[in-house]
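Please consult the sequence and the structure below alongside the text.

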Amino acid sequence: MPVEITWWGHATCTVEDSGTRVLTDPLFARRLAHLHRRRGAPPPPEAAVAEVALVSHLHADHLHLPSLAQLAPGTLLVVPRGAPERVPGLHRLDRLRITEVVPGDRVRVGDLVVRVVRARHDGRRLPVGPHRCPALGFVVEGTARTYFAGDTGLFASMAEEVGPVDVALLPVGGWGPYLGPGHLDAGRAAQALARLMPRSAVPVHYGTFWPIGMDAVRPHEFYAPGEEFVRLAARWAPEVSVHLPAQGESVRPEVAR
């Protein structure tokens, strides 16, 4: 069966490969602190069904404890090393099997291997101070090699460290009108695509959450990143097939070379 990618909004995706479901940065909420889900309903209960959930870093829109609590007992939860000490609420998720990882680690799940890679991003748990863990990306290796970047900026050794991949899930926006350092916008994501040169790509981390009361502030930063990535990817990496799913939609990227 070919790999299937379902985008649930923000950085939350299901990657189904070789009969195993991998969930990325689960976030199922309607509201998160000062943010509200501006487009799309929260994912349905079946979105929480997976053999393994990957958490890329400690920011609350990526490590969201109430969403992780919805995972089925026995689900493997892969987090940056040190996360349970920085986020004590993880200890209360005793129904899950928690594994702490750093770049270079490999985790086997069924017929898949999850390879852990570096991300260039602030790994602190905000706003409570300097509780820092490494920010991570992941390459899910099965029928396809699927790269989930988490949150990251461009860095010189990205292609070398990530290695050859078939599908790239790349962040192209954020949850507010301005992106700080350590992020990809549509243009930088297209440059990353040109370095990685997968067969297919899916833009994520845009068009979902926005600050309450700021819907009229720079609305293009909310709506435009996905389509802008498609346009710029055609310029920077025309050989790559870019899929633009709606929230809750599944795509089956081509991976055979």
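In this predicted model, Phe-138 touches Leu-54, Val-55, Ser-56, Val-78, Val-101, Val-114, Arg-115, Val-116, Val-117, Thr-146, Tyr-147 and Phe-148, leaving aside residues up to four places away in sequence. Phe-138 is also among the residues with the most contacts inside the largest nonpolar core. The points below are grouped by topic.

**Nonpolar cores**

- The largest nonpolar core comprises 54 residues, and Phe-138, Tyr-147, Leu-193 and Phe-229 have the most contacts inside it.
- Helix H4 (residues 186–196) supplies the largest share of this core, namely six residues.
- In soluble globular proteins, nonpolar side chains tend to be buried together.

**Strand E3 and its partners**

- Strand E3 (residues 20–24) has four of its five residues buried, so the rest of the structure largely encloses it.
- Strand E2 (residues 12–17) pairs with E3 in the antiparallel sense over five bridges, and Val-15 has Val-22 in E3 as its bridge partner.
- Two residues lie between the strands in the hairpin of E2 and E3, where Ser-18 takes a positive phi near 55°.
- E3 also pairs with strand E6 (residues 52–54), here in the parallel sense and over three bridges; Thr-24 stands opposite Leu-54 in E6.
- Leu-54 is in turn one of the residues that Phe-138 touches.

**The three-stranded open sheet**

- An open sheet is formed by three strands in the order E4-E5-E15, with antiparallel pairing.
- Strand E4 (31–32) and strand E15 (209–211) are the edge strands, each pairing on one side only.
- E4 and strand E5 (residues 35–37) run antiparallel and are joined by two bridges; Leu-32 stands opposite Leu-35 in E5.

**Arg-37 within strand E5**

- Arg-37 lies in strand E5 and is buried, with a relative accessible area of 10%.
- The side chain of Arg-37 reaches two backbone oxygens: that of Leu-27 at 3.2 Å and that of Ala-29 at 3.0 Å.
- Beyond residues up to four places away in sequence, Arg-37 touches Trp-8, Leu-27, Phe-28, Ala-29, Arg-30, Pro-42, Pro-43, Thr-208, Phe-209 and Gln-247.
- Arg-37 and Arg-106 are 69 residues apart along the chain, and their C-alpha atoms are separated by 34 Å.

**Salt bridges**

- The structure holds eleven salt bridges.
- Arg-115 and Glu-141 meet through their side chains in a salt bridge (3.0 Å, N to O).
- Arg-115 belongs to strand E10 (residues 112–118) and Glu-141 to strand E11 (residues 136–141), so this pair ties together parts that are 26 residues apart in sequence.
- Arg-115 counts as buried at 12% relative accessibility, whereas Glu-141 counts as partly exposed at 21%, because the cut-off for buried is under 20%.
- The side chains of Glu-254 and Arg-199 form a salt bridge (3.1 Å, N to O).
- This pair links distant parts of the chain, 55 residues apart: Glu-254 is in the segment after strand E17 (250–251), and Arg-199 is in the loop between H4 and strand E14 (200–204).
- Arg-199 counts as partly exposed, at 29% relative accessibility.
- In the salt bridge of Glu-221 with Arg-218, the closest N and O atoms are 2.8 Å apart; Glu-221 is partly exposed at 26% relative accessibility, and Arg-218 is partly exposed at 30%.

Conventions: Residues numbered from 1 in each chain as written. Predicted model: local features only at pLDDT ≥ 70, side-chain atom pairs only at ≥ 80, totals over all residues. Heavy atoms only, no water. Core = buried A, V, L, I, M, F, W, Y, C linked by side-chain atoms within 4.5 Å. Buried < 20%, exposed > 50% of the residue type's maximum accessible area, 1.4 Å probe, protein only. Contact = heavy atoms within 4.5 Å. Pairing = 2+ DSSP bridges. Polar contact = N/O pair within 3.5 Å; in protein donor to acceptor, adjacent residues only side chain to side chain. Salt bridge = Lys/Arg side-chain N within 4 Å of Asp/Glu carboxyl O.
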